[in-house]
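Student: Could you go through this structure with me? I'd like to start with the charged side chains and then move on to the metal.

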Amino acid sequence: MTDTLEQHFDATIEHDRRIEPRDWMPDAYRNTMIRQIAQHAHSEIIGMQPEGTWITRAPSLRRKAILLAKVQDEAGHGMYLYSAAETLGADRTDLTERLIAGRQKYSSIFNYPTLTYADVGVIGWLVDGAAICNQVPLCRSSYGPYARAMVRICKEESFHQRQGYELLLTMAAGTDAQRAMVQDATNRFWWPSLMMFGPPDDASPNTERSMAWGIKRHTNDELRQRFVDMTVPQAEKLGVTLPDPDLRWNPERGRYDFGTIDWDELTAVIKGNGPCNAQRVERRRQAHEEGAWVREAAAAHARKAALGADGDRVHGGGAGS
Ligand SMILES: [Fe+2]
Ligand SMILES: [Fe+2]
């Protein structure tokens with residue numbers, strides 16, 4: 001029996017068709033998918049913090065409205081992704097608890113502080129830009145619900161990238177002090193953005209299997225290179241220097257060469273020793289506890305609604321909606 005199911009799974013992957021929630025799948029595939037989607041969902045939710053902190057200090061009503069919309073989009077991304085993880089049998093509360101207990105990871109980039117408003121622009125430009133490079137290929141993930149969620153998420157990420165770049169263009173056309181803020185934020189976020197693509201290929205043991213399963217479409221180093229090539233001309237247009245003396249065009253490769261990433265820093269941040277790890281997780285724990293009453297109320301409402309029209313007149317009472 002399992003043989004036939006496994007053959008069907010292999011054939012689906014081989015023909016580049018999608019695996020759907022009710023299909024049989026190997027346990028390792030299911031667990032890898034849950035881990036990947038959960039980490040992605042956690043990153044969206046934790047990623048609200050570094051920018052969210054600037055909402056009350058936005059320099060104008062226009063900037064506040066844009067930032068609010070952006071941070072709200074990230075919450076939406078988290079929600080789609082937790083739903084996608086649930087189609088694999090994961091439990092949302094359990095995933096959140098794992099995050100808070102430090103047993104599941106989120107993107108290392110969100111463990112860096114946001115020191116000025118230029119950081120909001122640089123996060124849109126570089127962090128959302130790197131996220132797009134990582135995520136566009138995931139629209140073709142072999143797992144159907146994840147692939148479909150990624151289509152919408154990528155459209156919104158591309159709006160995020162543009163709003164960040166537009167903010168930076170505005171600041172770059174401003175005062176010397178504003179230009180200095182843009183340069184400083186770029187200096188701080190450039191290397192951590194390159195780290196978002198993960199360890200180098202020769203230190204990424206699961207890449208091969210993930211590629212075979214259609215979970216991953218390009219290696220970490222390929223995507224990182226693509227990001228560098230895309231970003232350098234944007235930096236030139238902006239008039240900022242990328243903080244890498246080894247960065248230069250390589251005419252033979254037709255791509256940019258760049259310096260060596262500080263992998264020890266990435267390892268330290270992943271292990272929990274980045275500048276803001278403790279603060280981010282603590283804030284998430286607090287929000288989870290403070291939101292308990294909302295979840296309880298929503299669950300009680302859902303239970304009542306499930307009783308139906310001849311249950312207790314939920315729909316006619318008005319109090320429940
Ligand atoms: Fe997002
Ligand atoms: Fe985003």
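Student: Which residues are linked with E51 in a network of salt bridges?

Tutor: In this predicted model, E51 is joined with K70, E74 and D128 in a network of salt bridges. Two of these residues, E74 and D128, also coordinate the iron ion (ligand 2).

Student: OK, and what else coordinates the iron ion (ligand 2)?

Tutor: Besides E74 through OE and D128 through OD, the iron ion (ligand 2) is coordinated by E157 through OE and by H160 through ND1, at 2.0 to 2.2 Å. Along the chain these donors follow the spacing E-x53-D-x28-E-x2-H.

Student: Why is the arrangement around the iron ion (ligand 2) irregular?

Tutor: The four donor atoms subtend angles of 85 to 160°, and that range makes the arrangement irregular.

Student: Are D128 and H160 buried or exposed?

Tutor: D128 is buried, with a relative accessible area of 5%, and H160 is buried as well, at 0%.

Student: Switching topic: how many salt bridges are there in the whole structure?

Tutor: A search of the whole structure finds 19 salt bridges. One of them pairs E166 with R62, with the closest N and O atoms 3.4 Å apart. E166 lies in helix α7 (residues 144-172) and R62 in helix α4 (residues 61-86), so this pair ties together parts that are 104 residues apart in sequence.

Student: Which other residue forms a salt bridge with E166?

Tutor: E166 also forms a salt bridge with R63, where the closest N and O atoms are 2.9 Å apart. R63 counts as buried at 9% relative accessibility, whereas R62 is partly exposed at 48% and E166 is partly exposed at 30%.

Student: What about R188, which residue does it form a salt bridge with?

Tutor: R188 forms a salt bridge with D119, the closest N and O atoms being 2.8 Å apart. Because R188 lies in helix α8 (residues 176-195) and D119 in helix α6 (residues 118-135), the pair ties together parts that are 69 residues apart in sequence. R188 is partly exposed, with a relative accessible area of 24%, while D119 is buried at 0%.

How values were computed
Residues are numbered from 1 along each chain as its sequence is written. Chains are lettered from A and ligands numbered from 1 in the order in which they are written. This is a predicted model: local features need pLDDT of at least 70, side-chain atom pairs count only at pLDDT 80 or more; totals for chains, interfaces and linings use all residues. Side-chain values use heavy atoms; hydrogens and water are left out. A salt bridge is a side-chain nitrogen of Lys or Arg within 4 Å of a carboxyl oxygen of Asp or Glu. Helices (H or I, at least four residues) and strands (E, at least two) are DSSP runs, numbered from the N terminus. Buried means under 20% relative accessible area, exposed over 50%, partly exposed in between (1.4 Å probe, protein chains only). Donors are N, O and S atoms within 2.8 Å of the metal (3.2 Å for Na, K and Ca); water is not among the atoms, so sites may look incomplete. Four donors count as tetrahedral if all angles lie between 85 and 135 degrees; four count as square planar and six as octahedral if opposite donors are over 155 degrees apart and all others between 65 and 115; anything else is irregular.
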